[in-house]
Amino acid sequence: MHMSNAKPSKSPARKLLALLCCFTLLASLFGATALFQPSKAAAASPDENFSPETLQFLRDRTGLDGEQWNNIMKLINKPEQDDLNWIKYYGYCEDINDERGYSIGIFGATTGGPRDTHPDGPELFKAYDAAKGAGNPSVEGALKRLGINGKMKGSILEIKDSEKVFCGKIKKLQNDPAWRKAMWETFYNVYIRYSVEQARQRGFTSALTIGSFVDTALNQGATGDSNTLQGLLARSGSSTNEKTFLKKFHAKRTLVVDTNEYNQPPNGKNRVKQWDTLLDMGKMNLKNVDAEIAQVTNWEMK
């Protein structure tokens, strides 16, 4: 028989076996799911991090769009959670042992304690009860809906459940539209509205100024003593030049931001530096600043 170097054709069974072997090899290298899933689309629009209702709510009341608020929240969440992906924290709940009770959600609403006798947590729960359709919304109504064992004791929301039980129930609210709606309404009522008012009173409307004021308010309080947003603004002069005023405001805040357990040093100074560096870069409108935000948030939390 004449022999050639041509390879004989494979039988159908052998072809199938070869294909299966190739598939097994590819699956082991790349993961079987990767072979069948379509490639991921480009990054979603920042608007998709908000419900259409919340997006319109923020535009109407602050003059800022989804991209600007998304960037503000990244800058806030870095020193709060050491994470730019702020949307993961609607269901956040923890007792950080700062005598303010539990910290909850994207802006750290508190249930109250010895160092926080006017907490914002009760307003959040009342807003949630309203968002769920209560005719006469109340904190008690929200707690009942959620199966949480607690009650108001004066202005403090006293939680009777263990931290594991209470925070477990808050965590389950992560994707609840009513909870997210209540979160933004409370955030606005307690911190954002005052911050926007103070900016506009001075003729300032930039996203950077509003964001810096909001960050100060939620971290150190909106109104009250000399270290709150109100107190710091009173010590920051009267310049009508937005950049000049903001530089002085940041300098004043830097002096106190790591005191009174507002932040663990030097996290507070780095927190303020984020806003101040963007100011120096001239990024007042917080648009198209992905690279700049990555740069200014690239510091290590202590």
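Let's start with the second largest pocket, where 11 residues form the lining and Ala 44, Pro 46, Asn 70, Lys 74 and Asp 290 sit nearest the centre. A pocket here is an open set of points on a 1 Å grid over the protein atoms alone, with a 1.4 Å probe fitting at each point and protein on both sides within 12 Å along at least five of seven lines; a lining residue has an atom within 4 Å of a point. Keep in mind that this is a predicted model, where local features need pLDDT of at least 70, side-chain atom pairs count only at pLDDT 80 or more, and totals for chains, interfaces and linings use all residues. Residues are numbered from 1 along each chain as its sequence is written, and side-chain values use heavy atoms, with hydrogens and water left out.

The volume of this second largest pocket is about 170 Å³, taken as the space filled by probe spheres set on the grid points. H4 gives the most to its lining, four residues. Helices are DSSP runs (H or I, at least four residues) and so are strands (E, at least two), numbered from the N terminus.

Now move to the largest pocket, with about 1,300 Å³ of space. It has 43 lining residues, and nearest its centre you'll find Asp 98, Arg 100, Thr 110, Leu 218 and Asn 219. Helices H4 (66-81), H8 (177-201), H9 (207-220) and H12 (267-281) each bring at least two residues to this lining.

Take a look at each one. Glu 80 is found in helix H4 and is partly exposed, at 33% relative accessible area. Asp 98 lies in the loop between strand S1 (93-95) and strand S2 (102-104), and it's buried, at 9%. Buried means under 20%, exposed over 50%, and partly exposed in between (1.4 Å probe, protein chains only).

Finally, check the contacts (heavy atoms within 4.5 Å). Setting aside residues up to four places away in sequence, Glu 80 touches Leu 218, Asn 219 and Arg 271, while Asp 98 touches Arg 115 and Glu 261.
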